[in-house]
Structure formats: C-alpha cells, structure tokens
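Hi,

Here is the structure I promised to pass on.

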Amino acid sequence: MTTLPVHDDTIRSLLDERRSFPPPASFAAQANVTEEWLRREWVERAGEDPETFWAHRSEVLDWAEPWQTAHSWEPTDGESLPAAEWFAGGTLNASVNTVDRHVAAGHGERVAFHFEGEGGDRRAITYAELQREVAKAANALTALGIGKGDRVVVYLPVLIETVVIQLAVARIGAVHSLVFGGFSADALRFRVEDTGAKLVVTTDGQFRRGAAVPVKQNVDAAVSGVASVEHVLVLRRTGSEVTWTEGRDVWWHDTVATASDVHDPEFFDAETPLFIIYTSGTTGRPKGLVHTTGGWLTHVAWTFWAVFDAKPDTDVYWCTADLAWVTAHSYETYAPLLNGMTSVLYEGTPDTPSWERHFQVIERYGVTTYYTAPTLIRSLMSRFPDGPPARYDLSTLRLLGTVGEAINPEAWVWFHTHLGRGETPIVDTWWQSETGGAIAAPLPGVATLKPGSALTALPGLAVRVVDADGREVGPGGGGLLVIDGTWPGMARTVWGNPERYRDSYWKRFAAQGYFLAGDGAKLDADGHLWVLGRVDDVINVSGHRLSTIEIESALVAHPAVGEAAVVGVADPVTGHAIAAFVTGDGDPDALRRHVREAIGPVAQPTHVFLVPDLPKTRSGKIMRRLLVDLVDGRPLGDTTSLQDETVPPRIAHVVTVALGR
C-alpha cells in the first residue's frame with residue numbers, strides 16, 4: 001500500500017496489483033507490431049520527434065493532394081487561444097478512404113458489416129454495397145440542400161443506415177453530430193441548437209428490450225421553433241405512427257433509397273471539420289468537441305492497426321458501443337473501415353432477450369476481436385462467475401479489449417480466463433472524446449500485460465502524472481493525468497466556444513504545454529499507467545483524496561460481490577462519506593472489513609447498500625451521479641438514457657430502508 005503524503009490534487013493510490021501476463025508466443029509471432037517493428041528508426045525516435053512518426057503514419061491514407069507541413073502548433077499563454085494544424089496543404093475524402101479505395105483494390109465483395117437487430121433480423125453489407133448506399137445518401141443530402149460545412153444531427157440507433165449517413169455527410173464535406181438515441185428531447189434540442197443543424201436524421205421508432213419505442217416525437221419537440229432546421233429525414237424502422245410536418249419531414253425510402261448510386265467525391269483540406277461530439281454533460285453544459293479530417297483519420301487508422309492487430313483478411317471485429325459515442329466514431333465506424341475490416345453491429349441491449357446474447361453473437365459471426373466496456377464485463381462476471389455456458393463456442397476470439405473506464409483487476413482476470421481461455425491478450429485502452437483516439441494501450445504482440453493497467457503511451461504520444469503545480473509525482477504517486485504535447489487526433493476546439501476549450505484543457509498547465517485530461521492516475525514502479533477515474537469521482541474523506549476505482553476493485557474481488565459502484569456522499573464531519581452499492585449476496589459488515597484489509601481503514605465504506613442492479617446507460621456506463629442523488633435526497637433529473645428506468649426506484653427503496661428514512 002502506498003502511503004505518500006496527500007495534498008492538493010495528489011490522489012492516494014492504494015492497491016498494489018502484481019500479476020502479469022506476457023504475450024503468447026503464437027500471438028507475438030503474427031502480430032502487426034513486433035519488437036523488430038519498434039526498432040525502426042522513426043519509431044524509436046517517436047518520443048523526441050513525434051511529427052516524423054505521424055508523418056510516416058499518414059501514409060496509410062489516400063491523399064488527393066499530398067500535405068506540405070506535418071504539424072504546426074500555437075500554444076496558449078493562458079490568455080491566447082491555442083491552435084493546432086496537422087498535414088497542412090493535404091486534401092482527402094474520409095468516405096473514399098473508408099470505402100471506395102477498398103472496392104478499387106478488389107475487395108468489394110468483402111463484408112463490411114454483419115448487422116443483427118435486437119429482434120433477430122440480420123443483414124450483411126459488402127464494401128461494394130456500402131459504397132453504393134453511401135453514394136445514394138450523399139446524392140440525397142445534396143438534393144436536400146446540405147453542403148460543405150453544414151451540420152447534420154443524427155439521432156439513430158445502431159443500424160447500417162447510421163454508418164451510411166455518417167459517411168455520406170463526410171463525403172460531401174458536411175459535419176455530422178451523432179446523438180445517443182436514449183437521450184431526451186431536451187438533450188437533443190440542445191445539440192441541434194448548439195450546432196445550428198440544418199438537417200436532423202432519425203427513425204420512426206427504435207426497439208428497446210423487445211418493445212417498439214417512439215422516437216420521431218422526440219425530434220418533433222426538439223426541433224420545434226429551431227430556425228436552422230430545414231428538414232427531418234426519417235428512416236422507417238419499427239413501423240410506428242408518426243406526426244408529419246409537410247415540407248420539413250421526408251422519408252428515407254422516398255429520398256435516399258431512390259437516389260443515384262453513383263457519386264463523384266470532392267476532396268477537402270485536412271483540417272476540414274469532420275464531426276462534433278458532445279461530452280456527456282453530467283456536470284455543466286455539454287461541450288461540443290470538434291474533430292477534423294486528416295489528423296484524426298491518421299490517428300485512428302494507425303492505432304487500430306497497432307492496438308487491435310488488425311487482420312482484414314481473417315478478422316471479424318466487434319466493438320459493442322452505441323454508434324453515437326466517440327468509441328464508435330473511432331473504433332467501430334471509421335478505423336475498422338479505414339483498415340478494410342469486417343465488423344459486427346448489434347442493435348440491442350446485452351440482456352435482450354437474455355444475458356447470453358453477446359455469446360450468441362460472438363459464436364454466430366465468428367468474432368475474433370471483442371472490444372467492450374468494463375461495466376458489461378462485470379455484469380457478465382456476476383451472472384456467469386464460472387464463465388459463459390459451455391454450449392457456446394467462443395474459440396474464434398483471439399484478442400479482447402476494454403474501453404470507457406478503468407477495469408477492475410478481478411474483472412480483467414475473469415475476462416482473460418473465461419473469454420480469453422487464459423491466453424488471449426487484452427488491450428486496456430485509455431483515451432477520451434477529447435483525444436479522438438487511443439493514447440495509452442498495450443501493443444498486444446510485445447507487451448506484458450497487467451490487470452487494470454493501460455501500461456504506457458503509444459508511440460508518438462506522451463503522458464505524465466503530475467501534482468497540482470505540474471510537477472511529476474514519480475513512481476508510486478497519484479496525481480493528475482496529462483498529455484505532454486499535441487497529437488493528430490486531438491479535438492481542435494469546442495464548437496462556438498474556443499475560450500472554453502483553452503480554459504478546460506490547456507490553461508492550467510500552459511507553462512508546461514500539458515493537456516489536462518481530467519482523470520486521476522498513478523505510475524507503478526515500472527512506470528506503467530493506472531487510471532484512477534475522473535478527478536470528479538475522487539472522494540475527499542477527512543482530507544484524504546481517494547480514488548473510487550480502487551475501492552470498487554477491492555469490493556469486486558470479494559467472491560460475494562458481482563458488481564460495485566462507489567461514490568462520495570455528503571457528510572458533515574468528514575466532508576464525504578464513502579457509499580458502496582453492490583450486487584450479490586455479501587454481508588455489509590464483511591464487505592467493510594474486506595475493504596479495510598485490502599486497502600486500509602481510510603477507504604472503509606460508511607454505507608454498503610445491497611442493490612438488485614446498478615443504474616447503467618445503454619452503453620454500459622454506471623450513472624454514479626444518480627447514486628449520489630439517491631443518498632443525498634436530491635431529484636434525479638433526466639434518466640431517459642438508462643437501460644432500465646426501474647433500477648433507481650428499486651435502489652431508492654433499499655437506501656430508504658437502510659438509512660431509516
């Protein structure tokens with residue numbers, strides 16, 4: 001246990017995970033990134049000369065006009081606005097790079113996506129078919145008056161058409177902004193107004209746990225009175241009745257489906273905005289992060305090839321994220337297509353009609369790479385502690401990955417043992433909406449893995465863990481995770497508010513040139529990175545700043561616990577009290593003792609609530625703010641993005657009884 005003095009933003013890092021897993025010889029022998037590859041001169045020098053490294057990596061794209069200058073950067077002095085540019089002078093088209101070039105190379109009959117609907121409907125689309133569908137959509141968008149720089153808000157579930165419209169928007173130089181289909185009309189309206197969207201794309205309804213849920217009515221409410229919106233493009237998915245506004249609303253089957261399937265692309269400057277993605281907005285006003293074309297495509301294309309060991313001739317890849325999240329932008333839509341991969345798209349929730357659904361999908365399509373969230377892994381672990389039912393053949397899996405939050409070591413080991421057969425590497429990736437692509441992650445053919453650690457920054461990137469003054473804390477210390485310098489996939493600004501971009505990410509450590517990620521982290525004795533979660537999730541107990549992820553990891557390691565979520569709740573004496581919400585049949589007093597023994601007295605929860613489930617979004621993230629509100633007695637606010645809206649009332653009953661309210 002680390003007992004360094006704690007002050008300011010230094011975070012106590014308490015657990016000491018010592019297990020390690022070298023890459024299997026068979027995997028290392030066929031890996032894209034090998035020790036020999038890492039010895040290339042421009043790779044070895046990536047730390048001191050990242051521009052040359054990324055210049056080499058930009059060669060994975062097709063450029064209509066070659067770029068002239070790899071990178072320029074105007075840092076902030078605390079008052080000036082930062083400005084980055086990558087691959088100046090180059091022109092390209094994102095849609096051509098993701099689709100057309102593979103058809104031209106003779107891979108048109110390769111399946112781009114296997115789609116499976118929640119109800120069991122299935123469809124496969126080849127690269128040649130995808131090219132034709134994107135061309136139709138691009139022609140339809142042009143007919144609706146959409147052109148370069150116009151913003152298109154996409155409010156769709158996980159469908160092939162969602163990918164089609166993204167690529168079509170990119171093809172004509174417009175800017176897409178995807179909104180999670182579970183968000184409320186108010187959340188959608190904010191994004192429509194903030195972007196000044198000219199078009200909103202939606203469905204009549206979507207399937208959610210076997211039921212057809214209306215969607216179009218949310219859009220009607222969201223766009224009412226918004227002057228920028230000229231049309232609403234509606235895809236028929238469920239057959240639900242919709243209210244129709246003549247002159248504004250148009251059907252997909254009347255516009256896209258009937259358009260020409262030939263489209264001549266235009267090529268755009270590398271810094272042309274590609275998409276706007278909003279932070280979740282759980283605290284404060286959501287930020288619309290702007291990502292541009294050439295640098296971002298370079299970043300995600302290479303990191304996908306390296307981290308996910310992409311083998312387009314043989315792999316079947318599945319990223320389980322909703323298409324609206326940044327995970328999907330980078331590693332479900334664009335990067336797999338840039339690499340010519342075959343991928344899986346699944347529309348529904350992981351428990352519909354049962355928690356075995358993901359095992360069925362993996363077996364049906366022969367998934368080789370499975371990239372998912374730690375929350376889902378913990379859900380599966382709690383329901384299948386001895387692993388998936390033996391009737392499922394998951395032997396095609398050769399690589400596993402995690403994203404979205406730090407993974408508890410015990411969940412990592414379960415994942416490795418039961419889905420990875422004790423041999424499949426796991427790439428634990430750290431990145432965020434702001435970074436655009438992976439920053440730290442294992443390279444699976446060369447890295448010795450540690451459960452719960454993202455290990456090190458990837459070549460061409462650098463991370464540090466610093467204290468409140470920007471001083472590195474060194475091995476064993478906890479502090480603020482920062483990125484040292486710039487990189488191609490970085491968000492360029494906050495839409496309409498460049499001052500907020502400066503103030504949120506660059507101003508605090510302007511003197512050092514660090515990007516403030518907002519996560520806490522520690523470095524172990526080997527210099528390996530352990531992400532401790534959002535600094536906002538740090539609990540201040542009697543002056544000790546504790547990471548929730550380490551307390552959760554200790555709880556999940558107890559055999560009676562399935563899942564755990566830890567939050568800080570108000571306490572008049574200690575500032576925060578630790579409240580733990582756990583699924584399973586553990587005894588609260590025994591769990592408190594377990595945490596005390598695993599970490600120390602300071603981390604012992606004041607409250608342990610045994611709950612039937614945890615409140616999760618449909619992307620699998622736990623909505624911890626709801627747990628704080630339940631204990632502190634505040635209104636819950638918007639819960640429309642939850643997988644199951646019955647969970648908070650059931651937890652509220654447990655809390656009420658336990659606290660004697």
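**What I found**

Let's start with Ser453, which sits in the loop between strand 20 (426-428) and strand 21 (463-466). Helices (H or I, at least four residues) and strands (E, at least two) are DSSP runs, numbered from the N terminus. Before going on, a word on the source: this is a predicted model, in which local features need pLDDT of at least 70 and side-chain atom pairs count only at pLDDT 80 or more, while totals for chains, interfaces and linings use all residues. Residues are numbered from 1 along each chain as its sequence is written, and side-chain values use heavy atoms, with hydrogens and water left out.

Ser453 counts as buried because its relative accessibility is 2% (buried means under 20% relative accessible area, exposed over 50%, partly exposed in between, with a 1.4 Å probe and protein chains only). What does its side chain reach at 2.7 Å? That would be the backbone oxygen of Leu529. If you skip neighbours within four places in sequence, Ser453 is in contact (heavy atoms within 4.5 Å) with Asp428, His528, Leu529 and Trp530.

Four strands make an open sheet in the order 21-22-24-25, with antiparallel pairing (two strands pair if DSSP finds at least two bridges between them). Strand 21 and strand 25 are the edges, each pairing on one side only. On average, neighbouring strands here are turned by 45 degrees against each other, direction ignored; the axes are lines fitted to C-alpha atoms, for helices over the stretch in contact, and angles run from 0 to 180 degrees between N-to-C directions.

Going across the sheet, four bridges link strand 21 to strand 22, with Val465 opposite Leu481. Strand 22 (residues 478-484) is joined to strand 24 by six bridges, and there Val482 faces Leu516. Five bridges then connect strand 24 with strand 25 (residues 529-534), where Ala521 has Val531 as its bridge partner. Those two strands form a hairpin with five residues between them, and Gly527 in the turn has a positive phi of about 80 degrees.

After helix 12 comes Gly340, with a positive phi near 70 degrees.

Cheers

Terms used
Polar contact = N/O pair within 3.5 Å; in protein donor to acceptor, adjacent residues only side chain to side chain.
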